[in-house]
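Grab your viewer and work through these exercises with the model open. Each one sets a task and then walks through a solution.

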Amino acid sequence: MAKEMIAMLLAGGQGSRLYALTQKLAKPAVPFGGKYRIIDFPLSNCVNSGIDTVGILTQYQPFVLNEYIGNGQPWDLDRLNGGVHVLPPYQKASGSDWYKGTANAIYQNIAFIERYDPQYVIILSGDQICKQDYSDFLRFHKEKGAEFSVAVMEVPWDEASRFGLMVTDETDRITEFQEKPKNPKSNLASMGIYIFNWDILRKYLIEDEEDPNSENDFGNNIIPNLLRDNRKMYAYHFSGYWKDVGTIPSLWEANMEVLDPEHSGINLFDEDWKIYSRNSGMSGHKIAPGAVVENSMITDGCRVKGTVKNSILYAGVTVEEGALIEEAVVMGGSVIKAGAVVKHCIVAENAVVGENAVVGAMPTETEKGVATIGPGIVVGDNAVVGPNAMVDKNVEGGEERW
């Protein structure tokens, strides 16, 4: 059965700038916002937008991500015709290849796309926090008679050189593309979300694969080739919440913004546009007598006896009596022991912060770092972890790590 539009979700990212958090975990599988993982956002956007067929292209450390996606049931994507499909690189008669670039990843899955004979294909990123109605994007694409459309956001001019930029005319038609230019002609930053007419995408993927000098990348190759051929290319202006959480500070900041939906633009309590996730299966959380909780998100299975302020506790976190957590992101299964102080930091899954240990510090004029404790790490009793530390090995009791 032919589909009007299917989604191809690029989820093979290594996320190297997240350091300890992604040593054994693909970036789209990184926990976010208490009960979610990053990939929940594009998957939920698809379902909320009426897209019921999604190919997820995995590569780096895929085990947790594949297990989490499963048959797609949490997102209503366990369909007989369509649904969610995990698409890793695979062995072919002519040999096997890792995905060499974003365009090559889609090229290797042309046969999957052709099963559904779509008119349009939307290319999504699995490593952004964004709530977006893709059906509105498709409506724009159709109204413009476009062959290629890209979602863009206005960014401050002094930051524009960090992005791929679309230069447009008064009708939003793209006339030039600049990849991280020193002298930007536009402040319309590409979000890395594209809609193609399938016949056009197929043609350019095949041509790109046949070019031995190509980097097989959408930004560096496919988009410039479309411009070269004067294709009908348009920029769709998006004004909602969008954040690339590819660095420790941006991931911490996005989690903090979850606590302030009225001002930050990201509302996880919106009943009209739900973000779906796999249920932890844990019991409800418990706040003990004498515990203090202020402006925080406490998820399933947490046990809180200490003080939690302006923080997010993921499923199954334990906070013992006398412990203090402030402006921190504490991921699932971690234990903060009695008397420990955890501030302005990220503590990854299943870590232990020992009694009277100190992790991170509130920012000052000279020091604004976000301390990060990797998954499964033990910080010993009375140890001190400085505000810029990236901890991927256990910290002995009484040791200082900066």
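**Exercise 1.** Work out the strand order of the open sheet of 6 strands, and say which strands stand at its edges.

*Solution.* Step 1: the order reads β16-β19-β22-β25-β28-β31, and the pairing is parallel. Strands here are DSSP runs of E with at least two residues, helices are runs of H or I with at least four, and both are numbered from the N terminus. Two strands pair if DSSP finds at least two bridges between them.
Step 1: β16 (297–298) and β31 (390–391) each have a single partner strand, so one side of each has no neighbour in the sheet.
Step 2: zoom in on β16, which 2 bridges join to the parallel strand β19 (residues 312–313). Isoleucine 298 has leucine 313 of β19 as its bridge partner.

A word on the ground rules: this is a predicted model, where local features need pLDDT of at least 70, side-chain atom pairs count only at pLDDT 80 or more, and totals for chains, interfaces and linings use all residues. Residues are numbered from 1 along each chain as its sequence is written, and side-chain values use heavy atoms, leaving out hydrogens and water.

**Exercise 2.** Find which strands helix α8 (residues 248–258) lies across, and its angle to β25.

*Solution.* Step 1: α8 lies across β16, β19, β22 (329–330), β25 (345–347), β28 (371–373) and β31.
Step 1: the angle to β25 is about 90°, taken between N-to-C directions on a 0 to 180 degrees scale, with axes fitted to C-alpha atoms (for helices, over the stretch in contact). Contact means heavy atoms within 4.5 Å.

**Exercise 3.** Is tyrosine 314 buried or exposed, and what is it in contact with?

*Solution.* Step 1: tyrosine 314 sits in the loop between β19 and β20 (318–319).
Step 1: its relative accessibility is 3%, so tyrosine 314 counts as buried (under 20% relative accessible area; exposed is over 50%, partly exposed in between, with a 1.4 Å probe and protein chains only).
Step 2: leaving aside neighbours within four places in sequence, the contacts of tyrosine 314 include Pro31, Phe32, Tyr36, Asn255, Cys302 and Met331. Cysteine 302 is 12 residues away in sequence and 7.6 Å away, C-alpha to C-alpha.
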